[in-house]
Amino acid sequence: MKRKWIAPAVVVCLLVLVAAGIVLASGGSGPVLTCGDYSLDNTGLAYYYWSEFFYFSEAYGEYLKDTVDFSRPLNQQAWSEDKTWQDYLLEETLDTVRQTMSMVFQARAEGFSMPEDYAGTYNQVLVNFAAAAREGGYASLDDYLRASYGSQASRESFEAYLHDAHLAAAYADHLLAEIQPTDQEVRDYFRQHRGEYEEDDGFDPEDESQWLEQVREDLRNETYQNRFREICSQYPFQVNYSAAVLVPPEGLYE
(Lines give C-alpha, C1' and ligand atoms only; values in the text may rest on other atoms or scores of the structure.)
Protein backbone atom coordinates (compact mmCIF):
# COMPACT_ATOMS: atom_id res chain seq x y z
CA MET A 1 0.00 0.00 0.00
CA LYS A 2 1.46 3.29 -1.03
CA ARG A 3 0.64 5.15 2.18
CA LYS A 4 -1.10 4.50 5.46
CA TRP A 5 -4.75 4.89 4.60
CA ILE A 6 -5.91 7.29 7.24
CA ALA A 7 -7.78 10.55 7.23
CA PRO A 8 -4.87 13.00 6.82
CA ALA A 9 -3.86 11.46 3.47
CA VAL A 10 -7.32 12.00 2.03
CA VAL A 11 -7.74 15.48 3.45
CA VAL A 12 -4.35 16.56 2.10
CA CYS A 13 -5.38 15.43 -1.39
CA LEU A 14 -8.52 17.52 -1.17
CA LEU A 15 -6.88 20.59 0.30
CA VAL A 16 -4.10 20.61 -2.29
CA LEU A 17 -6.69 20.61 -5.04
CA VAL A 18 -8.74 23.36 -3.44
CA ALA A 19 -5.74 25.55 -2.70
CA ALA A 20 -4.39 25.20 -6.21
CA GLY A 21 -7.49 26.76 -7.77
CA ILE A 22 -6.93 24.48 -10.75
CA VAL A 23 -9.11 24.44 -13.85
CA LEU A 24 -9.36 20.81 -15.00
CA ALA A 25 -10.91 19.00 -17.91
CA SER A 26 -12.12 15.47 -18.60
CA GLY A 27 -13.54 13.69 -21.62
CA GLY A 28 -14.98 10.36 -22.65
CA SER A 29 -17.58 8.11 -21.10
CA GLY A 30 -18.14 4.52 -20.03
CA PRO A 31 -17.09 2.60 -16.92
CA VAL A 32 -13.38 2.57 -16.18
CA LEU A 33 -13.65 0.71 -12.88
CA THR A 34 -16.45 -1.54 -11.60
CA CYS A 35 -17.21 -3.51 -8.45
CA GLY A 36 -20.65 -5.05 -8.19
CA ASP A 37 -23.17 -2.27 -8.74
CA TYR A 38 -20.50 0.43 -8.42
CA SER A 39 -18.93 1.94 -11.53
CA LEU A 40 -16.51 4.81 -12.13
CA ASP A 41 -16.73 6.78 -15.39
CA ASN A 42 -14.20 9.22 -16.79
CA THR A 43 -15.68 12.16 -14.91
CA GLY A 44 -15.24 10.26 -11.65
CA LEU A 45 -11.75 9.28 -12.76
CA ALA A 46 -10.97 12.97 -13.34
CA TYR A 47 -12.00 13.81 -9.78
CA TYR A 48 -9.61 11.21 -8.42
CA TYR A 49 -6.77 11.46 -10.93
CA TRP A 50 -6.17 15.20 -10.79
CA SER A 51 -6.44 15.19 -7.02
CA GLU A 52 -3.79 12.45 -7.04
CA PHE A 53 -1.68 14.40 -9.54
CA PHE A 54 -1.56 17.58 -7.47
CA TYR A 55 -1.04 15.70 -4.21
CA PHE A 56 1.79 13.68 -5.75
CA SER A 57 3.48 16.65 -7.42
CA GLU A 58 3.22 18.71 -4.22
CA ALA A 59 4.49 15.91 -1.97
CA TYR A 60 7.21 14.47 -4.20
CA GLY A 61 7.90 17.07 -6.89
CA GLU A 62 11.09 18.38 -5.31
CA TYR A 63 12.36 14.91 -4.46
CA LEU A 64 11.73 13.68 -8.01
CA LYS A 65 12.80 16.85 -9.84
CA ASP A 66 15.64 15.03 -11.62
CA THR A 67 13.34 12.15 -12.58
CA VAL A 68 10.04 13.65 -13.70
CA ASP A 69 8.93 17.13 -14.76
CA PHE A 70 5.36 17.85 -13.67
CA SER A 71 5.20 20.87 -15.98
CA ARG A 72 5.39 18.54 -19.00
CA PRO A 73 2.90 15.85 -20.10
CA LEU A 74 3.42 12.74 -18.02
CA ASN A 75 2.51 10.47 -20.94
CA GLN A 76 5.66 11.70 -22.70
CA GLN A 77 8.00 10.78 -19.83
CA ALA A 78 9.17 7.22 -19.24
CA TRP A 79 8.71 5.68 -15.81
CA SER A 80 10.06 2.32 -16.95
CA GLU A 81 10.86 0.58 -20.22
CA ASP A 82 7.20 0.04 -21.03
CA LYS A 83 5.34 2.55 -18.85
CA THR A 84 5.07 6.32 -18.66
CA TRP A 85 4.67 8.43 -15.56
CA GLN A 86 1.03 8.84 -16.53
CA ASP A 87 0.66 5.05 -16.48
CA TYR A 88 2.24 5.00 -13.04
CA LEU A 89 0.04 7.77 -11.66
CA LEU A 90 -3.07 6.18 -13.15
CA GLU A 91 -2.29 2.98 -11.23
CA GLU A 92 -1.81 5.02 -8.07
CA THR A 93 -5.16 6.69 -8.71
CA LEU A 94 -6.95 3.40 -9.29
CA ASP A 95 -5.45 2.09 -6.05
CA THR A 96 -6.82 5.15 -4.28
CA VAL A 97 -10.28 4.52 -5.76
CA ARG A 98 -10.18 0.85 -4.73
CA GLN A 99 -9.09 1.72 -1.21
CA THR A 100 -11.57 4.56 -0.83
CA MET A 101 -14.54 2.62 -2.09
CA SER A 102 -13.66 -0.55 -0.17
CA MET A 103 -13.80 1.50 3.02
CA VAL A 104 -17.02 3.16 1.88
CA PHE A 105 -18.64 -0.20 1.12
CA GLN A 106 -17.61 -1.58 4.51
CA ALA A 107 -18.71 1.55 6.36
CA ARG A 108 -22.13 1.33 4.75
CA ALA A 109 -22.36 -2.40 5.45
CA GLU A 110 -21.77 -1.67 9.14
CA GLY A 111 -24.15 1.29 9.24
CA PHE A 112 -21.32 3.70 10.01
CA SER A 113 -22.25 7.38 9.64
CA MET A 114 -19.90 10.28 9.02
CA PRO A 115 -19.05 12.02 12.33
CA GLU A 116 -19.77 15.71 12.77
CA ASP A 117 -16.15 16.83 12.43
CA TYR A 118 -15.77 15.08 9.09
CA ALA A 119 -19.16 16.36 7.95
CA GLY A 120 -17.99 19.85 8.81
CA THR A 121 -14.81 19.43 6.79
CA TYR A 122 -16.79 18.02 3.86
CA ASN A 123 -19.18 20.99 3.91
CA GLN A 124 -16.28 23.44 4.12
CA VAL A 125 -14.66 21.93 1.02
CA LEU A 126 -17.93 22.49 -0.84
CA VAL A 127 -17.99 26.08 0.39
CA ASN A 128 -14.40 26.53 -0.84
CA PHE A 129 -15.27 25.24 -4.30
CA ALA A 130 -18.35 27.48 -4.49
CA ALA A 131 -16.13 30.44 -3.59
CA ALA A 132 -13.60 29.40 -6.25
CA ALA A 133 -16.42 29.30 -8.80
CA ARG A 134 -17.51 32.85 -7.91
CA GLU A 135 -13.94 34.14 -7.94
CA GLY A 136 -13.44 32.53 -11.34
CA GLY A 137 -16.44 34.35 -12.74
CA TYR A 138 -18.68 31.30 -13.14
CA ALA A 139 -22.43 31.68 -12.82
CA SER A 140 -22.75 28.53 -10.71
CA LEU A 141 -20.79 25.70 -9.15
CA ASP A 142 -22.12 23.42 -11.88
CA ASP A 143 -20.60 25.67 -14.54
CA TYR A 144 -17.31 25.69 -12.67
CA LEU A 145 -17.28 21.91 -12.32
CA ARG A 146 -18.07 21.39 -16.00
CA ALA A 147 -15.21 23.71 -16.89
CA SER A 148 -12.99 21.96 -14.38
CA TYR A 149 -13.77 18.27 -14.94
CA GLY A 150 -15.56 18.01 -18.27
CA SER A 151 -19.04 18.36 -19.71
CA GLN A 152 -20.49 15.51 -17.65
CA ALA A 153 -19.33 16.90 -14.31
CA SER A 154 -22.06 18.01 -11.94
CA ARG A 155 -22.50 19.22 -8.41
CA GLU A 156 -24.29 15.97 -7.57
CA SER A 157 -21.49 13.66 -8.75
CA PHE A 158 -18.77 15.88 -7.29
CA GLU A 159 -20.49 15.98 -3.92
CA ALA A 160 -20.77 12.18 -4.04
CA TYR A 161 -17.03 11.91 -4.73
CA LEU A 162 -16.17 14.22 -1.83
CA HIS A 163 -18.61 12.47 0.47
CA ASP A 164 -17.07 9.08 -0.32
CA ALA A 165 -13.58 10.42 0.38
CA HIS A 166 -14.58 11.86 3.74
CA LEU A 167 -16.67 8.85 4.75
CA ALA A 168 -13.79 6.49 3.93
CA ALA A 169 -11.33 8.61 5.90
CA ALA A 170 -13.68 8.86 8.88
CA TYR A 171 -14.26 5.10 8.87
CA ALA A 172 -10.50 4.49 8.70
CA ASP A 173 -10.00 6.67 11.78
CA HIS A 174 -12.84 4.79 13.46
CA LEU A 175 -11.16 1.45 12.81
CA LEU A 176 -7.85 2.70 14.17
CA ALA A 177 -9.46 4.20 17.27
CA GLU A 178 -11.15 0.89 18.05
CA ILE A 179 -7.80 -0.89 18.31
CA GLN A 180 -6.63 -0.60 21.90
CA PRO A 181 -4.07 -3.32 22.71
CA THR A 182 -3.78 -4.37 26.34
CA ASP A 183 -0.45 -4.19 28.13
CA GLN A 184 -0.19 -7.97 27.95
CA GLU A 185 -0.80 -7.97 24.20
CA VAL A 186 1.91 -5.32 23.84
CA ARG A 187 4.35 -7.40 25.92
CA ASP A 188 3.59 -10.47 23.80
CA TYR A 189 4.17 -8.49 20.62
CA PHE A 190 7.45 -7.16 21.99
CA ARG A 191 8.63 -10.69 22.76
CA GLN A 192 7.77 -11.78 19.21
CA HIS A 193 9.88 -8.94 17.80
CA ARG A 194 12.38 -8.60 20.62
CA GLY A 195 15.45 -8.96 18.43
CA GLU A 196 14.35 -6.17 16.11
CA TYR A 197 13.58 -3.78 18.96
CA GLU A 198 16.87 -4.50 20.72
CA GLU A 199 18.95 -4.19 17.55
CA ASP A 200 17.16 -1.34 15.78
CA ASP A 201 15.99 0.75 18.73
CA GLY A 202 18.36 -0.27 21.50
CA PHE A 203 15.53 -1.02 23.91
CA ASP A 204 16.26 -2.74 27.21
CA PRO A 205 13.74 -5.62 27.47
CA GLU A 206 13.70 -5.24 31.23
CA ASP A 207 12.73 -1.55 31.13
CA GLU A 208 9.14 -1.31 29.88
CA SER A 209 9.16 2.46 30.16
CA GLN A 210 11.50 2.54 27.15
CA TRP A 211 9.29 0.65 24.79
CA LEU A 212 5.75 -0.07 26.04
CA GLU A 213 3.97 2.86 24.35
CA GLN A 214 5.94 2.74 21.10
CA VAL A 215 5.34 -0.99 20.78
CA ARG A 216 1.66 -0.41 21.55
CA GLU A 217 1.49 2.03 18.64
CA ASP A 218 3.33 -0.42 16.37
CA LEU A 219 0.87 -3.15 17.27
CA ARG A 220 -2.09 -0.82 16.68
CA ASN A 221 -0.79 0.10 13.24
CA GLU A 222 -0.06 -3.48 12.26
CA THR A 223 -3.49 -4.62 13.44
CA TYR A 224 -5.09 -1.78 11.51
CA GLN A 225 -3.16 -2.56 8.33
CA ASN A 226 -4.18 -6.21 8.55
CA ARG A 227 -7.82 -5.19 8.96
CA PHE A 228 -7.53 -2.73 6.09
CA ARG A 229 -6.14 -5.40 3.76
CA GLU A 230 -8.87 -7.80 4.86
CA ILE A 231 -11.56 -5.25 3.98
CA CYS A 232 -10.03 -4.47 0.58
CA SER A 233 -9.83 -8.17 -0.27
CA GLN A 234 -13.60 -8.45 0.13
CA TYR A 235 -14.30 -6.09 -2.76
CA PRO A 236 -12.81 -7.15 -6.13
CA PHE A 237 -12.63 -4.43 -8.78
CA GLN A 238 -12.41 -4.78 -12.54
CA VAL A 239 -10.52 -2.19 -14.62
CA ASN A 240 -11.21 -1.35 -18.27
CA TYR A 241 -8.07 0.53 -19.21
CA SER A 242 -9.23 1.12 -22.77
CA ALA A 243 -12.12 3.23 -21.44
CA ALA A 244 -9.88 5.60 -19.47
CA VAL A 245 -9.52 9.12 -20.89
CA LEU A 246 -7.21 11.62 -19.18
CA VAL A 247 -7.34 15.23 -20.35
CA PRO A 248 -4.78 17.53 -18.66
CA PRO A 249 -5.82 20.70 -16.84
CA GLU A 250 -6.29 23.68 -19.10
CA GLY A 251 -3.01 25.53 -19.43
CA LEU A 252 -1.08 23.06 -17.27
CA TYR A 253 1.61 22.39 -19.86
CA GLU A 254 1.77 25.82 -21.48
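At 70% relative accessibility, Glu199 counts as exposed, because the cut-off for exposure is over 50%. The model is a predicted one. Glu199 sits in helix α8, which spans residues 194–201. On the surface, Glu199 belongs to a patch of negative charge.

Glu198 has a relative accessible area of 34%, and Arg194 one of 37%. Elsewhere, salt bridges with shared partners link Glu110, Arg227 and Glu230 into one network.

Further salt bridges lie within other helices. In helix α7 (residues 183–192), Arg191 and Asp188 are three residues apart, so about one helical turn separates them. Their side chains meet in a salt bridge, at 2.2 Å from N to O. Asp188 is partly exposed, with 29% relative accessible area. Helix α6 (residues 155–178) contains both Arg155 and Glu159. These two residues are four positions apart, again about one turn of the helix. They form a salt bridge whose closest N and O atoms are 2.6 Å apart. Arg155 is partly exposed, its relative accessible area being 39%. The count for the model comes to 13 salt bridges. In general, side chains of opposite charge can pair when their charged atoms come close.

The fold as a whole comprises nine helices and three strands. From the N terminus, the elements run α-β-β-α-α-α-α-α-α-α-α-β. Of the 254 residues in the protein, 45% are buried.

The three strands form an open sheet in the order β2-β1-β3. Pairing in the sheet is antiparallel. Strands β2 (38–40) and β3 (238–239) are the edges, each pairing on one side only. Strand β1 covers residues 33–35 and pairs with β2 over three bridges, in the antiparallel sense. Cys35 has Tyr38 of β2 as its bridge partner. Strands of a sheet pair through backbone hydrogen bonds, either parallel or antiparallel.

Technical notes. Residues are numbered from 1 along each chain as its sequence is written. This is a predicted model: local features need pLDDT of at least 70, side-chain atom pairs count only at pLDDT 80 or more; totals for chains, interfaces and linings use all residues. Side-chain values use heavy atoms; hydrogens and water are left out. Two strands pair if DSSP finds at least two bridges between them. Patches are made of residues with over 30% relative accessible area and no salt bridge: like charges are joined within 9 Å, nonpolar side chains (Val, Leu, Ile, Met, Phe, Trp, Tyr) within 5 Å. Accessible areas come from the Shrake-Rupley method with a 1.4 Å probe; for residues, only the protein chains shown count as cover. A salt bridge is a side-chain nitrogen of Lys or Arg within 4 Å of a carboxyl oxygen of Asp or Glu. Lys and Arg count as positive and Asp and Glu as negative; His and the chain ends are not counted. The place of a charge is taken as NZ of Lys, CZ of Arg, CG of Asp or CD of Glu. Buried means under 20% relative accessible area, exposed over 50%, partly exposed in between (1.4 Å probe, protein chains only).
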